[in-house]
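Let us take a walk through this structure together, from the overall fold down to a single pair of residues. Keep the 3D view open as you read.

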Amino acid sequence: MVQDCVEELRRVSGAIGGVEVRVSHVAKRFGVHSVLADVNLDIRPGEFVAIVGHSGCGKSTLLRLISGLDFPSEGGIEVDGQPVNRQLPETRIMFQDARLLPWRRVLENVGIGRRGEWKSAAIEALEQVGLAARAEDWPAVLSGGQRQRVALARALVSRPKLLLLDEPLGALDALTRLDMQRLVEQVWIQQGFTAVLVTHDVGEAVTLADRVVVLERGRIALVQRISRVRPRPRGDANLGEIEGEILARLLEGNR
Amino acid sequence: MAAAVRLSRSGEIFGHTGISFARAAAGFALGGATGFVFGLLNGLSHTAERLFDSTFQMIRNVPHLILWFGIDEQAKLFLVALGVFFPIYLNTYHGTRTVDPGLIEMGRVYGLTQNELFRHVILPGALPSILVGVRYALGITWLTLIVAETVSASAGIGYMTMNAREFLQTDVVVLGILIYALLGKLADMTTVWLERRWLSWHPAFAGRGVEAQ
């Protein structure tokens, strides 16, 4: 029912859609240290999946493997049936730090790596995140939240089919974070890309994701489907209950 | 003052200044260019670094190299170039090496080619360091040139000053020193201007540059 709602919206707005991601029997070792072991995860096109877990549980590593920045020691990852053996042009990452080039103005940062007529698309992306007025500023004069919004615009300008979010809101203050969550959800609904969010904030995961994956010592410990109507209100009792269950599982697993 | 008027009327002062300036510029260009190129090369490639870096440090500790070149025009050029090479080389190398790896990774994810990565990420990231090297090197340019011209020369401000000393023309000696100081200041102002212009994105260098844009 809920999914139908989002899909209907996308059909109406003419979204581009997302890719299917298939992670099968993936293991990753750094030297003798094993980070991921036998991870299996299928993500439907246009789905929003959140990965939560303690720091060092391998969640960022899994994201890097999906992005093609790093490669698994065992198993394979496929995006729309294609094995990921390089950085795919339809995949974009948002990092925890905005990683804007300080020597390029905001607009040029958004258009980085674009060929041809990129300016109008970059301005459009900036409008989408509400920062069109700051196009000619240096990144140094922006606040942390604004920088992340520019980073989001930079990710959106190429119309990605897979957006990987590596704790992009972790360093923001609580209020800015709520704004950003709403913005991310909004563009996800509009553009229809597949989204994978890595976070340590279970509340954030529950608010945004269709499915929450709990990663524990490199293995998937729990997959929780969340089917509540969007936008999900903060402080919803039902969501709070799910959040509590996941947190309990995380704390228990740590013992 | 009288010395300045007398020497400029005879045109002597301009000739000497011109020769000194040409020497400084040539030595700086030679040493700066090689330092810059090797700094980039060693900063970007580990193989090149292993090959050249310790070699350069070795050369640095052999000041007697100058004996090879004798005391003619070539030697002055060499001395200046050698003095300029190291600050530019070291700062370029350091600047290239310390570019934020996060930005390089971002560039790769956002589809930059090697060439674009260098132009948009590595070079601008290394620029603040490189300009520190340039500023330091300009100081060394004048310093080594004074030494070289004082030791042996048949023209240039250093020669003019030494000559004046022989004839007890104290005013000309002072004039020579003033010209050196002025040229040094001028060179430094040029770099500061470049920093303002090229690093206007940097909060520490912005100054009035931001509004000017």
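What percentage of the contacts in chain A with a separation of 6 or more comes from residues 24 or more positions apart? For chain A, the figure is 71%. Please keep in mind as we go that this is a predicted model.

With that in hand, let us turn to the overall form of the chain. Chain A holds 8 helices and 10 strands. Its C-alpha atoms fill a box of roughly 50 × 45 × 35 Å along the principal axes. A compact globule of 255 residues would have a radius of gyration near 18 Å, and chain A has 18 Å, so the two agree. Of the 255 residues in chain A, 42% are buried.

Next, look at how the chain is divided. Domain 1 of chain A is made of two segments, 2-90 and 161-254, while domain 2 covers 100-159. Where they meet, domain 1 of chain A supplies 10 residues and domain 2 of chain A supplies 9. Which helix gives the most to the domain 1 side of this contact? That is helix H6 of chain A, residues 174-191, with 5 residues. By class, the domain 1 side that touches domain 2 in chain A has 8 nonpolar and 2 polar residues, with no charged ones.

Now for a sheet. Four strands of chain A form an open sheet in the order E2-E1-E4-E5, with antiparallel pairing. Strand E2 (33-43) and strand E5 (82-83) of chain A each have a single partner strand, so they stand at the edges and one side of each is left without a neighbour in the sheet. In general, the strands of a sheet pair through backbone hydrogen bonds, in either a parallel or an antiparallel way. Here, strand E1 of chain A, residues 21-30, pairs with E2(A) in the antiparallel sense over 7 bridges. To find one residue pair in the view, go to Phe30(A), whose bridge partner in E2(A) is His33(A).

Finally, step back to see both chains. How many residues of chain A are in contact with chain B? There are 16 residues on the chain A side, and they meet 15 residues of chain B. The side of chain A that touches chain B divides into 10 nonpolar, 3 polar and 3 charged residues.

Key
Residues numbered from 1 in each chain as written. Chains lettered and ligands numbered in written order. Predicted model: local features only at pLDDT ≥ 70, side-chain atom pairs only at ≥ 80, totals over all residues. Contact = placed C-beta atoms within 7 Å. Nonpolar A, V, L, I, M, F, W, Y, C, P; charged D, E, K, R; others polar. Pairing = 2+ DSSP bridges. Helix = DSSP H or I, 4+ residues; strand = E, 2+ residues; numbered from the N terminus. Domains from an automatic or database assignment. Rg over C-alpha atoms; globule rule 2.2 N^0.38 Å. Buried ≥ 20, exposed ≤ 12 C-beta atoms within 10 Å, placed from the backbone.
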